[in-house]
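Here is a friendly walk through one protein model, taken a few features at a time. Keep the sequence and the 3D view open as you read.

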Amino acid sequence: MILLLCTFGLRSLAGASGRALPGFVLAVTIMREAIDEFRRFQRDKEVNSQLYSKLTVRGKVQVKSSDIQVGDLIIVEKNQRIPSDMVFLRTSEKAGSCFIRTDQLDGETDWKLKVAVSCTQRLPALGDLFSISAYVYAQKPQLDIHSFEGTFTREDCDPPIHESLSIENTLWASTIVASGTVIGVVIYTGKETRSVMNTSNPKNKVGLLDLELNQLTKALFVALVALSVVMVTLQGFVGPWYRNLFRFLLLFSYIIPISLRVNLDMGKAAYGWMIMKDESIPGTVVRTSTIPEGLGRLVYLLTDKTGTLTQNEMVFKRLHLGTVSYGADTMDEIQSHLRNPYSQMQSQASGNATSSTPPRKAQSSAPKVRKSVSSRVHEAVKAIALCHNVTPVYEPRAGVTAEAEYAEADQDFSDGNRTYQAASPDEVALVQWTESVGLTLVSRDLASMQLRTPSGQILTYCILQMFPFTSESKRMGVIIRDESTAEITFYMKGADVAMSSIVQYNDWLEEECGNMAREGLRTLVVAKRALTEEQYQDFESRYSQAKLSIHDRALKVAAVVESLEREMELLCLTGVEDQLQADVRPTLEMLRNAGIKIWMLTGDKLETATCIAKSSHLVSRTQDIHIFRPVTSRGEAHLELNAFRRKHDCALVISGDSLEVCLKYYEHELVELACQCPAVVCCRCSPTQKAHIVKLLQRHAGRRTCAIGDGGNDVSMIQAADCGIGIEGKEGRQASLAADFSITQFKHIGRLLMVHGRSSYKRSAALGQFVMHRGLIISTMQAVFSSVFYFASVPLYQGFLMVGYATLYTMFPVFSLVLDQDVQPEMAMLYPELYKDLTKGRSLSFKTFLIWVLISIYQGGILMYGALLLFESEFVHVVAISFTALILTELLMVALTVRTWHWLMAVAEVLSLGCYVASLAFLNEYFDLAFITTVTFVWKVSAITVVSCLPLYVLKYLKRKLSPPSYSKLTS
């Protein structure tokens, strides 16, 4: 409405040239939106036009990804993106499995192993897929990317073959094939794919400064209407007064700063460019150009732990066997313990392999004998080396092309050529550690894995069943058959909370888990259970039955697996360290000094989260920590909140479950208490909980929030916050792509906020108020002019003068305010306390706005009355004197506002003045060229300009002397 009003007013008053300004404003906004939209269209078109091979009865045909339909058989080559959700039917890999990269789906960089449907993988040739009669049953589309239930049924056999399908048989859209060529049948396309269903529609973020300027613009609109009504009232409502009212509305429409939007948009673009060009924070990308000033007003920083505060680089630190513990300095003892049993095994194997079998079987039925340390170390290391989902990958040697298939048979298992791939860096750290002590994982496929002993012997183990890790079970397991002894063993490892009820009674596990967590180590409990052939066969039949069920499959499968998880023998406890990112401690210290409250939201367990909070100095050494006890009911939550209320100045540590209960009954009280804490740690948080906490802070505290993370699980939190910052880390680029700002290291956030956030806010505040001043001053002159001439609704300046005033004559100096800075970047980093002032919003408030309004009224009145007093006989002299004085006043006011001069500012001032002086020669329609070249004109303009500006310069000088701002104390 305001824009339309201004547009109409300028058209009516300024004729053809007046249409240029609103046209320019609209054009800039439309162009920016159109460019963004066109780029989105191009990206969509590029993805939708990618060609894929579709398998038909007549052979392969090329189809666009947008034309793929459910039921199509699609061939996807290595390093090609999977176009839609598919069931994995065949692969060129001999093992019947392939690796895929899922970093664009779940944020994890580790490769995932996928398994082809065995019924179709066994077919002799690719074309045989059309010679069988089969169908796939798939559950309805769901959000969960980590689960899938379906069945594959082949009907042309007697009896029909039923094969259960799970998550390992699926290939989700947006993942990339990392090995071999795959063929899949499409089950979901378009909006039904997992990747699209998990893409939330992020809110359109608007900066706080934009909202504040909108409020001021509304106030100006009210002032515009009020001034017009006053003018009509003073006129006496004579004649058609409503027509006069509308004319006054159009005359004073310059009160509404129509060019403010363009100036701010161009300013935001400039800030984004400065951030990306800053050599101190290389690799930083501004993905949202609308909120750079938001970085200068933050009060809450919500950060992820793993990969954000820590490096997500795991190092094995501790092995605990209950009675003995091994650290980094005693790993050589483990090596010597391992050499003995394997050298004995080798000597037995070389003598008579069969003779060792009966005693082993007898031992299992014999009463428990206390094992030696060597045998316990051997059992523990073997369990760690076998119980995982790690696959060793060997890069093909340079020059191997046609012989690749044969080269695989005699491939050298050289340690330098091997890398490990797994779904978790913890897993890789454990396998790398077993390699360092002598037990090396050399190969693995779906059915078996091979270990190399310290003496060089290769041990082969058959993988009978695999139970992957899930966030619900918090554990993973594997059933292994030793090829040499035919023994079947069920190994399991997991979090202590999940494993403590599964393992046999012991008196050390809980205590040692707490000790390791206090050192900042991630703990895993490892256990085993020996199975007889009969026990395993019974389990396998029940497990296969459960996997084929259509209803409640997950529950039935879990129940069957749980039947094995009883009275397991506790082998060991492992501790893995996740090292801190570079300069995390000084950065957190700086943010705290800047008045920013830091909350750590992590999925990790309470002890580890508390330890990282201490080691990163998120919680200072002297500070108390209140650990919120687990609560399950309203009464417990009430008591615990009361206990917490009595604590003062202490950090809060709370688990996701307790948080959920408290928010259900005492949301307001909890948030109020938590906001008073210097730091808050929320552990065991799900991605949706993280986003919920951000929204809670926005709703209750009413302050600006910033979320920073590096994984796919942080995306919802990043998108919910007022400012989202993503780190390009080990967990992929999903967080950085979804964020408003992308950085490469956590420490860069310090400079991003202290320097760029602060300066962007202060510059935009000055720019916004100055653009308003520019409109108010000319409207004041129009009001004075109309008042003197019997409240006539006649424009003071017409045509090009009005357009030139807002563009050519004043635009460059006003816009050059985006280069202004009150302190040097180094000073802003050294004194983060300067940032604290900004959160109060004093650079742009109703107080500063009213000061600028008074300045505009004073200057407009002086310019107009001065010109009227000094004009001689012709009206044209009033226009010449007042307009020239107005331009000079605006240029001097820019100089008054600037705190640190940049050479481009001086160029802008000189260029604008030069443009005005040069254009006087062509403005004979408005100015008397003979008069403006006289001394009289020069002294009259100079006198009016000095009277309008000098008092403001004096006031500024006195203010700096009597009440200097905080930054001036540092610069002086």
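Which residue has its backbone oxygen 2.8 Å from a polar atom of the side chain of glutamine 311? The residue is leucine 580.

## About the model

This is a predicted model, in which local features need pLDDT of at least 70, side-chain atom pairs count only at pLDDT 80 or more, and totals for chains, interfaces and linings use all residues. Residues are numbered from 1 along each chain as its sequence is written, and side-chain values use heavy atoms, with hydrogens and water left out.

## Around glutamine 311

Let's stay with glutamine 311, which is found in strand β15 (residues 310–320). Strands (E, at least two residues) and helices (H or I, at least four) are DSSP runs, numbered from the N terminus. Glutamine 311 is partly exposed, because its relative accessible area is 25%; buried means under 20%, exposed over 50%, and partly exposed in between, with a 1.4 Å probe and protein chains only.

Glutamine 745 lies 434 residues from glutamine 311 in sequence, yet the C-alpha atoms of the two are 9.6 Å apart in space.

Strand β8 (residues 150–154) is joined to β9 by 5 bridges, and threonine 153 stands opposite histidine 162 in β9.

A further open sheet of 3 strands has the order β6-β5-β11, again with antiparallel pairing. Here β6 (111–115) and β11 (176–177) are at the edges, each with a single partner strand, so one side of each is left without a neighbour in the sheet. Between β5 (residues 97–101) and β6 there are 5 bridges, and arginine 101 has tryptophan 111 in β6 as its bridge partner.

## Aromatic pairs

The count of aromatic pairs comes to 22. Rings of Phe, Tyr and Trp (its six-membered ring) pair if their centres lie within 6.5 Å; planes under 30 degrees apart count as stacked, over 60 as edge-to-face and the rest as tilted. One of these pairs is tilted, formed by phenylalanine 785 and phenylalanine 789, at 4.9 Å centre to centre and 50 degrees between the planes. Phenylalanine 785 is buried, with a relative accessible area of 5%, whereas phenylalanine 789 is partly exposed at 36%.

Phenylalanine 883 and phenylalanine 927 also form a tilted pair, with 6.4 Å between centres and 45 degrees between planes. This pair links distant parts of the chain, 44 residues apart: phenylalanine 883 is in helix α31 (residues 875–897), and phenylalanine 927 is in the loop between α32 (903–919) and α33 (929–932). Both phenylalanine 883 and phenylalanine 927 are buried.

## Nonpolar cores

Which residues touch the most other members of the largest nonpolar core? They are Leu319, Ile334, Val381, Trp433 and Tyr491, out of 42 residues. Such a core is a set of buried Ala, Val, Leu, Ile, Met, Phe, Trp, Tyr and Cys residues joined through side-chain atoms within 4.5 Å. Helix α11 (residues 373–386) gives the largest share, 7 residues. Apart from this core lies another, of 41 residues, including Leu224, Ile255, Phe849 and Leu896.

Technical notes
Pairing = 2+ DSSP bridges. Polar contact = N/O pair within 3.5 Å; in protein donor to acceptor, adjacent residues only side chain to side chain.
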